[in-house]
Amino acid sequence: MTDVEGLKKDAGIAACSYVSSGMKVGLGTGSTVKHTVIELGRMIAEEGLEIVGVPTSLATEKLALEVGIPLVKLSDIDGLDVVIDGADEYDPQFQLIKGGGAALLREKIVAQESSGMVVVADDRKRVEKLGAFPLPIEITPFAHQATIRVLGRTLNCRVNCRMAGDNPVITDNGNMIADAHCGPTIQDPIGMEKVILNIAGVVQVGLFNNMCDVVVLAGANGVETFVNPNGRLK
């Protein structure tokens, strides 16, 4: 295991400190938060932790079942206590870009139903201004190229359909992903989110504004925890 992978594992495990018995927990998607899911499974088996989980992707659902986490449907419960998820970027205001794993719609639904959000990441994801990571936008398959053209004109940047080989990436919801290459220029992510969501054909955008309460970060100094002073978790 490389140093980066080892630190990501440590961060994923450290995030479990925000989970206790009786909680309803959103289970995120990605290479760091998978370690959280695995650790929660171990805590259930070895420490008697009692939780239920709501996965944000089919991949996370599969992993959670493999490690023994009981799952429920979000529609069948009244909200979540916490969600633990990854991020592709986060800025000093704790605003996020997510969607590199093409799970942004389910991730955002789960996040908005949660009373707190813990992000696990490595320090490459910490930025002064969002946008170096191409902004993922989930769009409908119908006339998707027309939607992409409108996005390009509106955002004044290159927007492309995310591909897997010769075929478009299809999300768990049957949609497509458009990636907007705007560069590290997003000064008003809240305003930008509203503009993008106003475009017909757009299902959701990977700007997660005013949702992140804590970042558990793996970096050169080991694992550090940063708490949003305006957040819901202390």
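Glutamate 138 stands opposite glutamine 204 of S12. The model is predicted, so to speak of local features needs pLDDT of at least 70, and side-chain atom pairs count only at pLDDT 80 or more, while totals for chains, interfaces and linings use all residues. Residues are numbered from 1 along each chain as its sequence is written, and side-chain values use heavy atoms, with hydrogens and water left out.

Let's look at the sheet. Strand S7 (residues 135-139) and S12 pair in the antiparallel sense over three bridges; pairing here takes at least two DSSP bridges between two strands. Helices (H or I, at least four residues) and strands (E, at least two) are DSSP runs, numbered from the N terminus. The open sheet has four strands, ordered S8-S11-S7-S12, with antiparallel pairing. At its edges lie S8 (158-161) and S12 (202-205), each pairing on one side only.

Angles run from 0 to 180 degrees between N-to-C directions, and axes are lines fitted to C-alpha atoms, for helices over the stretch in contact.

| Helix | Strands touched | Angle with S12 |
|---|---|---|
| H4 (residues 104-112) | S7, S11 (176-181), S12 | about 65 degrees |
| H6 (residues 189-197) | S7, S12 | about 165 degrees |

Now to another helix pair. The axes of H1 (residues 3-14) and H2 (residues 33-47) come within 7 Å and cross at roughly 50 degrees. Glu5, Lys8, Lys9, Gly12 and Ile13 of H1 make the contact with His35, Thr36 and Glu39 of H2.

Terms used
Contact means heavy atoms within 4.5 Å.
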